[in-house]
Amino acid sequence: MMAYVKETVNGFISLLAGLAVTIRYFVKPIVTVQYPREKLTLSPRYRGHIEFIIDEETGSHRCTACENCMRTCPSKVITVTGVKVAGSKKKRAVTYQLDYSLCSLCGLCVEVCPTNALKFSDEYRLAGYSRKDMVIDVMARLQAQQRALGLAEEVPPIPEPEEPKVKAEVATGEGAA
Ligand code: SF4
Ligand code: SF4
């Protein structure tokens, strides 16, 4: 009999304890976000995948296709190609791709860039059906941002015409000792 009473009292106490927790949270401000209708403000230090910084003066990127980021990336997930532009000594990026499925967000690419061309995006809504869907075309993303901002869209630069290569005369061996 005593065991039954003890069990009932314990059950009642735990019920009250549970109710106390419920009531305490019932009167507290709601922390749940009704995503996607509501979104949290991201921390300024949030790291999404890398993207180009849009230069305030030119409205374009600052990538000179030096390949520093490509070489430094420990995961080898960056592919950048560039061309020498007519009338300029520097190259300019034509394509820039990132395999985000293997990126560790270490930030080395951002740090080594000599022209401060890269930053972390605030992108967090990423989903895909295969790894290929995680390959990010950074140049296409820049173009979309330019369109959204009403800026002139990035167009691939005109490569500098290649100088004709002088063929080295090779001795054929005829008449040679
Ligand atoms: S954040 Fe790190 S792993 Fe990701 S692309 Fe840059 S260097 Fe590579
Ligand atoms: S993003 Fe920076 S480091 Fe990478 S290729 Fe362009 S200029 Fe070089």
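User: Buried means under 20% relative accessible area. What share of the 177 residues in the protein chain is buried?
Analyst: The model is a predicted one. Its protein chain has 177 residues, and a residue counts as buried under 20% relative accessible area. Buried residues make up 22%.

User: Which pattern of helices and strands does the protein chain follow along the sequence?
Analyst: There are four helices and five strands in the protein chain. Read along the sequence, their order is α-β-α-β-β-α-β-β-α.

User: Is Ser121 buried or exposed?
Analyst: Ser121 belongs to the loop between β4 (118-120) and β5 (135-137). Leaving out residues up to four places away in sequence, Ser121 touches Tyr46, Arg47, Gly48, His49, Glu51 and Arg141. Its relative accessible area is 1%, so Ser121 is buried.

User: Which cavity corresponds to the space taken by ligand 1?
Analyst: Around ligand 1 are Cys73, Pro74, Ser75, Val77, Ile78, Leu98, Cys103, Ser104, Leu105, Cys106, Gly107 and Cys109. By class, this shell has nine nonpolar, three polar and no charged residues. The space that ligand 1 takes is the largest cavity.

User: How many residues of the shell around ligand 2 are charged?
Analyst: Ligand 2 takes the space of the second largest cavity. The residues around ligand 2 are Cys63, Thr64, Ala65, Cys66, Glu67, Asn68, Cys69, Tyr96, Cys113, Pro114, Thr115 and Leu118. Glu counts as charged, and Glu67 is among the residues of this shell. The division is eight nonpolar, three polar and, as for charged residues, one.

User: Where is Lys76, and is Lys76 buried or exposed?
Analyst: Lys76 sits in the loop between α2 (68-72) and β2 (78-84). Although Lys76 is not a glycine, its phi is positive, at about 50°. Exposed means over 50% relative accessible area. Lys76 has 57%, and is therefore exposed.

User: What is the relative accessible area of Asn116?
Analyst: Asn116 lies in the loop between α3 (108-112) and β4. Asn116 is not a glycine, yet has a positive phi of about 50°. Asn116 is partly exposed, because its relative accessible area is 44%.

Methods. Residues are numbered from 1 along each chain as its sequence is written. Chains are lettered from A and ligands numbered from 1 in the order in which they are written. This is a predicted model: local features need pLDDT of at least 70, side-chain atom pairs count only at pLDDT 80 or more; totals for chains, interfaces and linings use all residues. Side-chain values use heavy atoms; hydrogens and water are left out. Helices (H or I, at least four residues) and strands (E, at least two) are DSSP runs, numbered from the N terminus. Buried means under 20% relative accessible area, exposed over 50%, partly exposed in between (1.4 Å probe, protein chains only). A residue is near a molecule or strand if one of its heavy atoms lies within 4 Å of it. On a 1 Å grid over the protein atoms alone, a cavity is a set of points where a 1.4 Å probe fits but cannot get out, and a pocket is an open set with protein on both sides within 12 Å along at least five of seven lines; lining residues have an atom within 4 Å of a point. A molecule sits in a cavity or pocket if more than half of its atoms lie within 2 Å of its grid points. Contact means heavy atoms within 4.5 Å.
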